[in-house]
Structures are given as structure tokens and as C-alpha cells.
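Reader: Could we go through this model together? I would like to begin with charged side chains and then turn to the sheet.

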Amino acid sequence: MRRGCVLTGMSRNAVGYISRRPPDEALLADIQSVRQAHPCYGYRRVHRALTQGEKGVLNPKRVHRVWRENGLQHPKRKRRKRGRHGHVPLKAVYANHVWTYDFVEDTTQDGRKLRFLTLADEHNRRGLDVAVGRSFKSTEVLAVLEQAFARFGAPVYLRSDNGSEFIAQTVQTWLQRLGVQTHYIDPGSPWQNAFGESFNGTLRREHLNREVFATLAEARVLTQGWLYYYNTQRLHTALHYRTPDQYFQDTAGVKGAPISGASPPNPQDLPLGADPVGMENGAEHHTPPHPAVFGPATALRSLPSVALSSGRATTTIAQTDHNPVTDGQNQEILSFHLAQKMGA
């Protein structure tokens with residue numbers, strides 16, 4: 001062996017080396033279990049999820065090596081070349097400082113259009129609501145906002161693009177009456193609504209692209225389940241690998257508690273029926289429970305049938321489709337999807 005190593009120029013230590021690396025089968029099984037619960041996680045968030053449990057000390061490089069050797073990488077997305085743009089104006093510095101809302105479109109299985117009205121808090125990234133319908137008028141947008149204001153309190157600013165539902169005079173008048181200032185981004189400048197676009201992209205990538213909706217009722221049930229998962233279970237990289245609810249509890253605690261010396265919203269700006277004292281004591285501003293807790297019938301009714309108090313005729317969000325399903329069918333829908341995810 002000595003003579004052979006001399007002739008080949010190899011080290012005798014390398015020839016007789018025996019690897020002491022522990023087997024990777026157990027780690028691979030743990031990684032697969034996390035991927036089963038969070039299919040869109042990359043190796044960094046998988047590593048953080050493993051270290052948050054009872055896995056002991058785990059090197060992220062080892063997770064990356066096992067991830068790469070087993071071909072678990074997600075396909076890379078093609079990024080478009082973008083010009084240099086200015087900074088995003090009006091940065092949120094505390095909870096309920098700046099909200100953003102926008103629309104995302106999808107279809108049901110029969111090809112009919114679905115619209116998702118997303119509403120999020122830019123400071124803690126919490127998804128406040130994702131309302132689902134075939135179409136939305138300005139009065140229906142107001143109904144969603146009225147329910148969100150009653151549950152979470154009114155924001156100081158409400159950011160949006162220049163969609164017809166957002167710039168309608170009824171919306172602007174109603175928000176001005178409550179003391180909420182509108183902040184419209186410049187036309188053709190989606191980077192000025194970066195947090196809203198990010199939330200919409202996550203909704204598209206992790207929910208809409210992975211589900212096929214048979215009916216409007218099914219879309220509502222499954223979307224409320226995804227929103228609960230997003231707020232309470234999904235680790236957010238921009239929040240230092242915390243969920244939006246955890247970050248809200250760590251940084252805001254009480255509704256509107258200022259950070260960096262900013263002033264909280266004026267309680268007089270809250271909508272009628274809101275309890276500023278209860279909100280100051282931290283009451284009733286958490287994400288609603290998962291539809292599986294109280295059943296999908298309750299989840300469907302949680303999308304409000306709210307009467308607007310703008311002086312016009314009473315308007316409500318339609319909760320039925322042209323082919324309505326019963327509560328029992330809704331239960332079967334949710335049970336089927338939960339069974340699929342548990343058995344996947």
C-alpha cells in the first residue's frame with residue numbers, strides 16, 4: 001500500500017479513511033415530513049422548522065446537502081429584468097398603520113371567473129381577510145372593509161392601486177367619514193405596493209396554483225383554511241422565521257401599539273360599533289379559527305352579509321352561487337381535502 005501510494009501520488013490517510021458521517025435516512029424522513037406539511041418551503045425554512053422542534057443542533061449545510069442530493073430543489077422562477085425604481089413610500093411602522101388591498105383572479109373548474117379581494121397589514125404581514133366572489137362592486141368592497149374595521153380596528157392609511165372599485169366616490173367618502181386616509185399608488189407602478197403584491201404572489205403560488213375549485217362555496221372554504229395556515233403556521237422569512245400572528249404578538253401586543261415612537265390611530269376614527277377600550281386591552285383582533293374547528297357552514301357565514309351605513313340602499317355580499325351547495329356538502333368538501341392532506 002505504501003509503494004502504491006508513492007507511485008500514484010495518493011495520501012495513505014485518504015486511502016484508509018472511513019467516513020464517520022451519520023446516516024441521512026432519518027434526516028431525510030424529517031425533511032419529507034416538513035415538506036408534506038409545507039410543500040412550498042425551501043431548505044432554509046425547512047431547517048428552521050426542524051430546529052424549532054426537538055431535533056437538537058442541526059447544521060443548515062447538512063440540510064442543504066441532503067436537500068440537493070435528493071433533488072428536492074424547487075424549479076427556479078425566471079425573473080424579469082426591471083429598471084431601477086424609487087423606494088416604497090409610506091412605510092408602516094406599527095400594527096394598523098398601513099393596510100393594503102387588491103384583487104387576484106382565478107377560475108372554477110367550469111371556467112367561470114373567481115375574484116379574490118385580499119386585505120393585509122403591511123407591518124406584521126397578517127392576512128386580515130380574503131373575500132371570494134364572482135365579481136365585486138364598490139359597495140361590496142365596502143362591506144368587506146366594514147367587517148375588517150369592526151374586527152381589527154381602522155387603519156391610518158389604506159393603500160391600493162387605481163382600480164375602479166377602489167377609487168369609487170362611495171369608497172372615498174366612506175373612508176373619509178371614518179378618518180382613514182387613502183394612498184393610491186402611481187399608475188403602472190406595482191412596486192409601490194410591494195407588500196400587497198408579495199401577499200398576492202404567495203396566495204397564487206401556495207394556494208390558487210395548487211387547488212382546483214369546483215364551486216364558489218368550495219373556494220371560500222379552502223381559502224379561509226389557507227388564510228388560517230398563512231397567519232398561524234407558515235414561517236415568514238421577512239419576519240425572522242416567525243408567523244404573522246407571532247410577530248404581531250411580539251411587536252404589537254396591543255392593537256395599534258406604536259413602534260419607534262410612532263403614534264397609534266385615534267380611537268375616534270374607529271367605525272361605529274367598535275370598542276376601543278376592548279381593543280386597547282387586546283380583545284378580539286386575532287385570526288378567526290380554521291373552518292375545520294366549527295365546520296365549513298360557519299366559515300361560509302363568516303364572510304359577512306354586512307349592511308352598509310352610507311345612506312344608500314342596504315347592500316350585502318352575495319353568499320350563494322348559481323349552484324349552491326348545502327352545509328353537509330360543504331362538510332364533505334372540507335373533509336375530503338383534509339383527508340387528502342393528512343394522507344399525502
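**Salt bridges and the sheet**

Author: This is a predicted model. Arginine 115 and glutamate 165 are both buried.

Reader: How far apart are the closest N and O atoms of arginine 115 and glutamate 165?

Author: They are 3.0 Å apart, and the two residues form a salt bridge. Arginine 115 belongs to strand E2 (residues 113–121), while glutamate 165 sits in the loop between strand E4 (157–160) and helix H7 (169–178), so the pair ties together parts that are 50 residues apart in sequence.

Reader: How many salt bridges does the structure hold?

Author: There are 8 salt bridges. One of them brings together the side chains of arginine 234 and glutamate 206, at 3.0 Å from N to O. Since arginine 234 is in the loop between helix H9 (216–232) and helix H10 (244–251) and glutamate 206 is in helix H8 (residues 194–206), this pair ties together parts that are 28 residues apart in sequence.

Reader: Is arginine 234 buried or exposed? And glutamate 206, buried or exposed?

Author: Arginine 234 is buried, because its relative accessible area is 6% and the limit for that class is under 20%. Glutamate 206 is buried as well, with a relative accessible area of 7%.

Reader: Why does aspartate 24 count as buried?

Author: Its relative accessibility is 18%, and buried means under 20%. Arginine 62, at 23% relative accessibility, counts as partly exposed.

Reader: Now the sheet. In what order do the strands come?

Author: The order is E3-E2-E1-E4-E5; these 5 strands form an open sheet with mixed pairing. Strand E3 (127–133) and strand E5 (181–184) are at the edges, and each has a single partner strand, so one side of each lacks a neighbour in the sheet. On average, neighbouring strands of this sheet are turned by 20° against each other, direction ignored.

Reader: How many residues are between the strands in the hairpin of E1 and E2?

Author: There are 5, and in this hairpin glycine 111 takes a positive phi near 90°.

Reader: How many of the residues of E1 are buried?

Author: E1 is mostly covered, with 8 of its 10 residues buried.

Reader: Which strands does H8 lie across?

Author: H8 lies across E1, E2 and E3, at about 35° to E1. H9 lies across E2 and E3 and runs at about 170° to E3.

Reader: One last topic, the surface. Which residues make the nonpolar patch?

Author: Met1, Met10 and Val15 make a nonpolar surface patch of about 320 Å². Of these, valine 15 lies in helix H2 and is partly exposed, with a relative accessible area of 39%.

How values were computed. Residues are numbered from 1 along each chain as its sequence is written. This is a predicted model: local features need pLDDT of at least 70, side-chain atom pairs count only at pLDDT 80 or more; totals for chains, interfaces and linings use all residues. Side-chain values use heavy atoms; hydrogens and water are left out. A salt bridge is a side-chain nitrogen of Lys or Arg within 4 Å of a carboxyl oxygen of Asp or Glu. Buried means under 20% relative accessible area, exposed over 50%, partly exposed in between (1.4 Å probe, protein chains only). Helices (H or I, at least four residues) and strands (E, at least two) are DSSP runs, numbered from the N terminus. Two strands pair if DSSP finds at least two bridges between them. Axes are lines fitted to C-alpha atoms, for helices over the stretch in contact, and angles run from 0 to 180 degrees between N-to-C directions. Contact means heavy atoms within 4.5 Å. Patches are made of residues with over 30% relative accessible area and no salt bridge: like charges are joined within 9 Å, nonpolar side chains (Val, Leu, Ile, Met, Phe, Trp, Tyr) within 5 Å. Accessible areas come from the Shrake-Rupley method with a 1.4 Å probe; for residues, only the protein chains shown count as cover.
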